[in-house]
Structure formats: C-alpha cells, structure tokens
Amino acid sequence: MGKLDGKVAVITGSARGIGKADALLFAQEGACVVVSDVDREPLVATAKEIEAAGGKVAWCIADVTKPEDTDKLMDTAVDIFGDLNILVNNAGIARDALLHKMTDTQWDMCLDIILKGTFNCVRSAAKYMMKKGHGGKIINTASVMGLMGNVGQVNYTAAKAGVIGLTKTVAREWARFGVNCNAIAYGFVHTRFTAEKETGEEVAGEKMGIPRKVRDRMLQEIGGKAITPEDAAKPALFLASVDSDFITGHVLNVSAGMYM
Ligand SMILES: NC(=O)c1ccc[n+]([C@@H]2O[C@H](COP(=O)([O-])OP(=O)(O)OC[C@H]3O[C@@H](n4cnc5c(N)ncnc54)[C@H](O)[C@@H]3O)[C@@H](O)[C@H]2O)c1
C-alpha cells in the first residue's frame, strides 16, 4: 500500500531538483504523477525514469507564468488520469542582485515565476478542487529566505513571503472544500540553485547558484548538513498524504536549523 494510492498529482518545475525528487517519491507511493516544466529534454527524461521504476506518469510542458499553460496542465491531469488531488507548486528561479542594482527584469522574473506562477496554478486547479467533498492537497514551495530576508534577494524573498500569504488565504478560502494548503520553507537543498555560482549553470542569461564564500559560510552555519532533493521530498509527501489531514495554512520549516 502506497501513501498516495489512487491520487493524481501535478508537480510544477519537476524536470530536475526538488520537483523531480517529489515526482519520483509520489509515484513510488502510488500516485499518478503529471510532471511539468519549461525544459523539455530533462522533463521527458524524468518521466521516463519514473516509468522505468514502475510509476504512472504523464508529462506536460507548461510555463507557470502563462494562465493558458497552467489551465492546460490541470486539464491534462484530469484528461489522462481522471482527477486532480495534489498540486505541488515548485517551479522557481533566483535572480540575485543588491536592491539598488536590481533591474526590472530581475524583479519581474522572480515575482512572475514564483508568486504569479503559484497563483496561476491554484486558480487553474480551482475548477477541479473547489467542489464540495472533493478535497485535495496543495503544497507551495516557499523558502526560509521569505521568512528571514537575505542580502541580494529582495525579489526572491518578497516572492516567497508572498507565497506564504497566498498559502494561508487559500487554506482559509478552500477549507470548506476539504482542501489543505500548506507551504514548505526549505533552507539549503543541493540543486543547481545552490551550486557554486562560479561554476554554475547558466539559465536565461544568468548564472545559477551562490558565490563560493557565501555558500561555504551558509553550509558551516548548519554544520555542513545540506539537504538532498530526496530528503526534501519527504516532507512534501507528508503534506500530500492523509498523515497531514488536519494541517492547513502551515509553513513547514525544512532547513536543518538554518532558520529557527
Ligand atoms: N535548492 C534550495 O536550496 C531551495 C531552497 C528554498 C527553496 N527552494 C525552492 O524550491 C523550488 C525548486 O528549486 P530547486 O532547487 O529544485 O531548483 P531547480 O532549478 O533545480 O528546479 C526548478 C525548476 O523550475 C523550472 N522552472 C523555472 N521557471 C519555470 C516556469 N516559468 N514554468 C515552469 N517551470 C519553471 C526550471 O526549469 C527547473 O526545472 C524553487 O521554487 C526554489 O525557489 C529551493
């Protein structure tokens, strides 16, 4: 018996990183999973990996900043697997700069993908989840940076703090439909997001990652305990399962003590 048997889950930004680990774990626990991203090649590879492990999976290219894409994503889940029970809003990006040097493009990109993208997905899920007795689980990906602030991340921290406010409002508005909406505030998870910036992957014209010195200091503060994506997926499974049926509007701190 899997913890998510019979459930249908949509996970945004699941071509790699935390979203991919969520998708693999959810499928292993019996969910039918729709993986989704803007990057086709790693997305298809993720879907193949899930299938090879015996999971039920479909993939859908969707840019969370576009409402027509997020509508298509939720429709895909229902068309292929017959329902929509779990939504993980995980797609995200960082565009770091000190406030006085931050460009409009950097600000808009973070707010559009993280905050508007989460809003778009929840709104697109409404026609399936806002039904008496339907129920459902929404898990929004926040960050401890949205709780504590971070030098060079005014856009990212504002977006993630916004996600926390959105989470609590959805929890209140959709409680009567039996939908739980929670957020996870991750700390330092090993992905391209937290790789060394000096050798980091370039995404849309900017290097991903954290400058080596800052990264070393951050890791030192948590005793070197960086979280793996697979470990990051476990609290998401908890919030997607019946084990958390009475938890809603909560921000789960998964930071190995980076923030307390
Ligand atoms: N890694 C960490 O330490 C950490 C800490 C706190 C929060 N987070 C959050 O966790 C989430 C996942 O991050 P990750 O570390 O796995 O990063 P990642 O870069 O490995 O994965 C993010 C995914 O989102 C996708 N994406 C970007 N823009 C998109 C869009 N417009 N539409 C759809 N997909 C899009 C990317 O293509 C990528 O596959 C993000 O929301 C991030 O802010 C990460």
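## Close-up views of the predicted model

**View A. Ala204 in the loop between strands S7 and S8.** Ala204 lies in the loop that connects strand S7 (202-203) with strand S8 (206-207); strands (E, at least two residues) and helices (H or I, at least four residues) are DSSP runs, numbered from the N terminus. This is a predicted model, in which local features need pLDDT of at least 70 and side-chain atom pairs count only at pLDDT 80 or more, while totals for chains, interfaces and linings use all residues. Residue numbers start from 1 along each chain as its sequence is written. Although Ala204 is not a glycine, its phi is positive, at about 45 degrees. Ala204 is exposed, with 10 other C-beta atoms within 10 Å.

**View B. Ala256 in the segment after strand S9.** Ala256 is located in the segment that follows strand S9 (251-254). Its phi is positive, about 50 degrees, although Ala256 is not a glycine. Ala256 is buried, with 20 other C-beta atoms within 10 Å.

**View C. Shell around the ligand.** The ligand is surrounded by 28 residues, of which Gly13, Gly17, Ala91, Gly92 and Thr191 are the closest; a residue counts as near if its C-beta atom, placed from the backbone, lies within 6 Å of the molecule. At least two residues of this shell come from each of helix H1 (17-28), helix H4 (104-129) and strand S5 (136-143). H1 provides the largest share, three residues. By class, the shell holds eleven nonpolar, twelve polar and five charged residues, with Gly counted as polar.

**View D. Helix H8 and its covering elements.** Helix H8 (residues 229-240) has twelve residues and reaches 16 Å from its first C-alpha to its last, close to the 16 Å expected at 1.5 Å a residue, where the expected span is 1.5 Å times one less than the number of residues. Ala232, Ala233, Ala236, Leu237, Leu239 and Ala240 of H8 are buried. Viewed down the axis of H8, these buried residues fall within an arc of 160 degrees, so they line one face of the helix. The elements covering them include strand S1 (8-11), H1, strand S4 (86-89), S5, strand S6 (179-186) and S9.

**View E. Ala31 in the largest nonpolar core.** Among the 74 residues of the largest nonpolar core, Ala31 is one of those that touch the most other members. Ala31 touches Leu4, Lys7, Val8, Ala9, Phe26 and Ile86, not counting residues up to four places away in sequence; contact requires C-beta atoms, placed from the backbone, within 7 Å.

Terms used. A nonpolar core is a set of buried Ala, Val, Leu, Ile, Met, Phe, Trp, Tyr and Cys residues joined through C-beta atoms within 7 Å. A residue is buried if 20 or more other C-beta atoms lie within 10 Å of its own, exposed if 12 or fewer, and partly exposed in between; C-beta atoms are placed from the backbone. Two residues are in contact if their C-beta atoms, placed from the backbone, lie within 7 Å. The arc is that of the directions from the helix axis to the C-beta atoms.
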